[in-house]
Each structure stands twice: as C-alpha cells, then as structure tokens.
Amino acid sequence: MTVDEAWDRIEEWLRANAPATHAELPPPAGADGVRAAQEAIGCAFPADLVASLARHDGSGGFLLPPLHRLHGTRLIVTEYRAYRRADQARSPGERTWWAARWIPLAGDGCGNSLFADQEPGPAFGRIGEHARDGGGSFSEEAASASLGAFLASTARGLQDGLWDAYEPYVDEDGFLEWREPDADIVVAWDMREMNRRYGFG
C-alpha cells in the first residue's frame, strides 16, 4: 500500500465515521516548504514523509494509534533543533540522546515522539520511538518499518476496528480517539487536546 493509498483509506474512513476529525486534517505542505525544512535540518526526508506531507502538512486533530500526532514541516524543524540542542548539552560519555539524522515525525503531547532514522545502518528508514527521559529505540513490528508502513497499518486498523491493543472510538461530537477495547477510560493524554476539548490544563 502506498502512502497515497493509505491516506485515501484513512480519509474515507474519517469522512464516514469521524467527520470532526476529518475536518481538522491540514492542507498539503507546499514543495518549497518541504525543501526549506530539509535544508534547515541538513538532511533529506524519507520519500514516505515527503509523500505524506504532500497530502497533509501534519495530521491536525488526527492521532496515529494510539497517541501520536504527525508534525507539519515547521514543527519538524522546531522539534529537530530542540532535540539536537538537548543532545549537544549532554555530558561526555553519555549515550546519544538524539542523532543528527533522526527526523522527528510525531509527538504524543507529553514529550515522547516518533522519528524516522536516516542514519546509515540496519535501522535506516525505520520508525523509532524516542522517550522524553531516555533516548531512541526501535521495534521489530512491521508497522515500524517506515512511515508508509505505519500509515498503512493505521488504515487497516480503522477498517478492521482494531490496531494492536487499541480500537478506534468516535465520540458523540465526531472526534476519533483510540482506546483499549475494554477500558473505561479513553487513551488520549495529549494535554493540549484535552484542554481544547474539555477545558483541562
């Protein structure tokens, strides 16, 4: 499944089932904006990221399961620079906190993120998880093989009604969230979103 095919299926599902979330999908990023973002961080984006940005400059209110919101071009640059500053401030001998060729893709609103690894080596092209208080790690799950694979997995999760241990849940206002099937509490700890929706924060 290509990035465009995955987005087609995601958009079709959202349009039919979660119209409020569908309405929050951002417009495409312009080619100049994508090029400027790559120049700003000094690293070419993976082809899947370029293709996704050509559909939507981030994901707006749409969460990749279970908690991550895709960054737009400006936030990719902002997050990258912040992560690199943090890495450069580490003490000698400490493990690398953020590698120079890791491209930030998405955040969960709590300081944890997903990134695409563009470092030459066995993890090249894979999606990694970056913990706020730790560093990067990689899963062997097929969905983490690339951003395209993650989007395809998300599309299948929406259509099948289950992604890993989470199911798509649409509230009465038409917003999509992801939750564990038998959980009493919706899994959505993005504090900016909770403040917007419920007045928390």
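Does E11 count as buried or exposed, and at what relative accessibility? E11 is found in helix α1, and at 12% relative accessibility E11 counts as buried. Buried means under 20% relative accessible area, exposed means over 50%, and partly exposed lies in between, with a 1.4 Å probe and protein chains only. Leaving aside neighbours within four places in sequence, E11 is in contact with H22, L25, R55 and H56; contact means heavy atoms within 4.5 Å.

The model is predicted: local features need pLDDT of at least 70, side-chain atom pairs count only at pLDDT 80 or more, and totals for chains, interfaces and linings use all residues. Residues are numbered from 1 along each chain as its sequence is written, and side-chain values use heavy atoms, with hydrogens and water left out.

The protein chain has seven helices and eight strands. Helices (H or I, at least four residues) and strands (E, at least two) are DSSP runs, numbered from the N terminus. Of the 201 residues of the protein chain, 49% count as buried. Among contacts in the protein chain with a separation of 6 or more, 48% come from residues 24 or more positions apart.

Helix packing comes next. Two packed helices are described by the angle between their axes and the distance between the axes. Axes are lines fitted to C-alpha atoms, for helices over the stretch in contact, and angles run from 0 to 180 degrees between N-to-C directions.

Helix α1 (residues 3–17) packs with helix α6 (residues 147–160) at an angle of about 30 degrees, and their axes are 9 Å apart. The two helices, α1 and α6, are therefore roughly parallel to each other. Angles under 35 degrees count as roughly parallel, over 145 as roughly antiparallel, 65 to 115 as roughly perpendicular and the rest as oblique. The crossing in which α1 passes α6 is left-handed; a crossing is left-handed if the near helix is turned anticlockwise from the far one by less than a right angle, and right-handed if clockwise. On the α1 side the contact is made by V3, A6, W7, R9, I10 and W13, and on the α6 side by G148, L151, A152, T154, A155, L158 and Q159. These residues divide into nine nonpolar, three polar and one charged. Ala, Val, Leu, Ile, Met, Phe, Trp, Tyr, Cys and Pro count as nonpolar, Asp, Glu, Lys and Arg as charged, and the others, Gly among them, as polar.

A second pair is formed by helix α3 (residues 31–41) and helix α5 (residues 73–88), whose axes come within 9 Å and cross at roughly 5 degrees. That makes α3 roughly parallel to α5. The contact is made by G33, V34, A37, A40 and I41 of α3 and by T73, V77, Y80 and R81 of α5. Its residues divide into six nonpolar, two polar and one charged.

How many aromatic pairs does the structure hold? There are three. Rings of Phe, Tyr and Trp (its six-membered ring) pair if their centres lie within 6.5 Å; planes under 30 degrees apart count as stacked, over 60 as edge-to-face and the rest as tilted. One of the pairs is F150 with W163: the ring centres are 5.8 Å apart and the planes are at 25 degrees, so the pair is stacked. F150 lies in helix α6 and W163 in the loop between α6 and β7 (167–170), so the pair ties together parts that are 13 residues apart in sequence. F150 is buried, with a relative accessible area of 7%, and W163 counts as buried at 12%.

The loop between α6 and β7 also holds D164. D164 is exposed, with a relative accessible area of 62%. Phi of D164 is near 55 degrees, a positive value in a residue other than glycine.

L114 counts as buried at 5% relative accessibility. The C-alpha atoms of L114 and S144, 30 residues apart along the chain, are separated by 9.8 Å.

Finally, P66 is placed in the loop between β1 (63–64) and β2 (68–70). A cis peptide bond joins P65 and P66, with omega about -5 degrees. P66 counts as buried at 16% relative accessibility. P66 and Y166 are 100 residues apart in sequence and 6.9 Å apart in space, C-alpha to C-alpha.
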